[in-house]
Amino acid sequence: MDVREEVASAMVTAAKTKDREALSALRMIKAALHNKEIDLRGELTSEDVLQVLSSMVKQRRDSIEQFKKGDRADLVEKEERELAIIQRFMPAQLSQKDIEQEIEKAIVEAGAASVRDMGKVMKILIPKLTGKADGKAVSEMVRKTLSS
């Protein structure tokens, strides 16, 4: 079953159980996927779906961070619930060790020697780790690894 079918199934369940928040988040996911499909003028690949979901996760994390700074606990909770729902449709996240191994492989593949080569390394890593690891964390790990 692909993600769109899983979302549709989850929407039916949420509607039956009258879970308004879940239904709202699921509709948001469905709309984002549909909009991406319209933008591409064709069927979405699994990479496209992963990219949309990753973008939604990043938006929620950024919002949570901003709402915490603004001392808005109610909005933080709402965003965290939406984040949890979106993450149900994402692949399992890689462990710290797996990410470090991927970074080491990318550094060797890019022939990176310093922080100046970070762009080359990230260019290799992004397609491999999209949706499987937080991009900001990966970027910081790469910077730390290249600077040492």
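Author: Contact here means heavy atoms within 4.5 Å. This is a predicted model, in which local features need pLDDT of at least 70 and side-chain atom pairs count only at pLDDT 80 or more, while totals for chains, interfaces and linings use all residues. Residues are numbered from 1 along each chain as its sequence is written, and side-chain values use heavy atoms, with hydrogens and water left out.

Reader: Which residues of H2 and H4 meet?

Author: Glu21, Ala22, Ala25, Leu26, Met28 and Ile29 in H2 meet Arg81, Glu82, Ile85 and Ile86 in H4.

Reader: What makes Asp117 and Lys120 a salt bridge?

Author: A salt bridge needs a side-chain nitrogen of Lys or Arg within 4 Å of a carboxyl oxygen of Asp or Glu. For the side chains of Asp117 and Lys120, the N to O value is 3.7 Å, so they meet in a salt bridge.

Reader: Why does Asp117 count as buried, and why is Lys120 partly exposed?

Author: Buried means under 20% relative accessible area, exposed over 50%, and partly exposed in between (1.4 Å probe, protein chains only). Asp117 has 15% relative accessibility, so Asp117 counts as buried. Lys120 has a relative accessible area of 48%, so Lys120 is partly exposed.

Terms used: Helix = DSSP H or I, 4+ residues; strand = E, 2+ residues; numbered from the N terminus.
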